[in-house]
Amino acid sequence: EARDPNQPEFLQAVHEVMGSLWGFIAANPRYAEAGLLERLVEPERVIQFRVSWTDDKGETHTNRAFRVQHSSAIGPFKGGMRFHPTVNLSVLKFLAFEQTFKNALTTLPMGGGKGGSDFDPKGKSRGEVMRFCQALMIELYRHLGPDTDVPAGDMGVGGREVGFMAGMMKKLSNNAACVFTGKGLSFGGSLIRPEATGYGLVYFVQDMLARRNMSLDGLRVSVSGSGNVAQYTVEKAMELGAKVVSVSDSSGTVIDEEGFTREKLAVLMDVKNVHYGRASDYAERLKLRFEPGQRPWSIPVDVALPCATQNELSRDDALLLLKNGVKCVAEGANMPSTLEAVDAFNSAGILYAPGKASNAGGVATSGLEMTQNAERLPWERDEVDNRLRMIMRDIHENCVRYGSRDAGFVNYVDGANIAGFVKVADAMTAQGVY
Ligand code: NDP
């Protein structure tokens with residue numbers, strides 16, 4: 001804390017992980033040797049740089065961008081790029097730290113990293129977004145490579161932005177590898193990658209519910225966010241028979257007691273992915289109830305799936321969800337629940353999964369995209385989906401293995417943190433101190 005006094009998100013993420021590890025390390029003291037924990041919390045490298053670009057009126061803007069290369073212990077640095085005004089070093093260090101454990105959980109050989117910029121894509125033209133992405137790559141390209149650092153999308157960075165960055169990567173490196181995952185299908189992308197985080201989240205929820213002899217069929221589900229993760233979470237939950245009663249964004253929450261349908265989801269995707277509009281526009285188009293500035297946590301549901309952003313679910317929200325009978329909370333976003341909210345869920349003994357386990361399907365499928373690129377062969381949709389299903393099952397089993405407590409209760413936070421830690425720590429130990 002003395003070292004990073006202005007990095008609350010990073011400290012929050014480290015506290016959460018260390019809370020899980022103390023007991024495990026006390027029982028396995030070899031993991032306290034050779035300064036392992038001190039090394040693990042320090043990123044291997046942090047790059048900060050200026051991005052200057054010109055808008056459609058010819059005016060110049062300067063943004064700040066970063067790449068946090070947290071750990072390459074088990075493979076190349078891997079993690080998305082986020083474009084959002086709230087991006088700063090603390091947020092990206094927390095995301096890169098989390099990513100290191102998440103990637104270890106996938107069982108694929110990927111280290112952890114994260115990057116992004118305080119650039120706000122909202123309201124920008126396609127040309128402005130393209131020029132910004134290209135200007136960013138003029139610096140970032142020299143730090144990337146298929147065996148060095150492999151970025152992807154995150155908030156504010158979807159297929160369009162990945163395409164612009166991958167194109168510039170190709171140009172500057174004189175190498176067709178493009179390096180990014182989440183690419184378009186026509187230049188090395190993988191089927192199912194856009195769907196993977198949301199689908200993976202719902203697969204994980206299926207496995208959690210099965211431990212209590214439940215299924216999603218007929219359950220009421222609330223989802224926050226309305227971006228990439230939220231959209232495919234809605235799609236898969238609906239497909240499995242759940243009634244999805246909300247989506248949201250920073251403008252507020254749409255409440256739909258009738259539940260989502262395929263047709264409604266197509267309208268949401270049109271509003272968000274084609275017109276880059278707001279949740280309020282979606283509500284207006286379908287004449288649905290809209291609560292400006294509200295989050296969805298006061299709606300009584302069986303399952304709550306936060307898929308928007310960090311710290312969007314407070315202790316009070318958690319208590320309200322519990323009072324209203326929530327049985328399962330699983331995170332599609334990274335660290336959406338505050339530490340106090342997580343404590344409330346675990347104390348109540350409900351099923352609660354942290355993002356680093358339940359949202360790992362996206363990066364896992366990015367890992368599968370890297371494999372397809374390396375063998376220069378695209379896989380069929382079913383093959384990728386089946387592998388995603390198996391990876392989520394393995395992650396769930398690993399959480400149960402390390403997180404099982406008395407009376408059949410599984411602490412998924414401890415399970416995910418310890419399982420991820422063991423893999424990274426063993427690799428760091430084997431490679432010596434450097
Ligand atoms: P998108 O940019 O596609 O969507 C983000 C959504 O969250 C938007 O609807 C956005 O609304 C909303 N949002 C942002 N800030 C707030 C806020 N303060 N209050 C309410 N809503 C807000 O991003 P993704 O769907 O890709 O990412 C969502 C989360 O999932 C992030 O935490 C990300 O790190 C995580 N994640 C993403 C993965 C992926 O594969 N994409 C993989 C694993 C995790 P608005 O447009 O109004 O800002």
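## Helix 1

A residue is called buried here if 20 or more other C-beta atoms lie within 10 Å of its own, exposed if 12 or fewer, and partly exposed in between, with C-beta atoms placed from the backbone. In this predicted model, the buried residues of helix 1 are E9, F10, A13, V14, E16, V17, S20 and L21. Helices are DSSP runs of H or I with at least four residues, strands are E runs of at least two, and both are numbered from the N terminus. An α-helix has 3.6 residues a turn, so residues three or four places apart point the same way. The buried set packs against helix 3 (89-105), helix 11 (339-348) and helix 15 (412-430); a contact means C-beta atoms, placed from the backbone, within 7 Å.

Helix 1 runs over residues 8-27, 20 residues in all, and spans 29 Å from its first C-alpha to its last. That's close to the 28 Å expected, taking 1.5 Å times one less than the number of residues. There's also a kink of about 35° centred on L21, where the bend is the angle between axes fitted to the seven residues ending there and the seven starting there.

Residue numbers start from 1 along each chain as its sequence is written. Since this is a prediction, local features need pLDDT of at least 70 and side-chain atom pairs count only at pLDDT 80 or more, while totals for chains, interfaces and linings use all residues.

The chain's mean pLDDT (the predictor's confidence in each residue, from 0 to 100) is 96, and 100% of its residues reach 70 or more. The model scores ipTM 0.98 and pTM 0.95.

## Around the ligand

The shell holds 24 residues, with G227, D249, S250, A333 and G362 coming nearest; to qualify, a residue's C-beta atom, placed from the backbone, must lie within 6 Å. Helix 7 (228-239) and strand 7 (243-249) each give two or more residues to that shell, and helix 7 has the largest share, 3 residues.

By class, there are 6 nonpolar, 15 polar and 3 charged residues. Nonpolar covers Ala, Val, Leu, Ile, Met, Phe, Trp, Tyr, Cys and Pro, charged covers Asp, Glu, Lys and Arg, and the others, Gly among them, are polar.

## Two positive phi values

Most residues other than glycine have a negative phi. N174 has a positive one, near 50°, in the loop between helix 5 (159-173) and helix 6 (193-210). N174 counts as exposed because it has 6 C-beta neighbours inside 10 Å.

A407 also has a positive phi, near 55°.

Conventions:
Contact = placed C-beta atoms within 7 Å.
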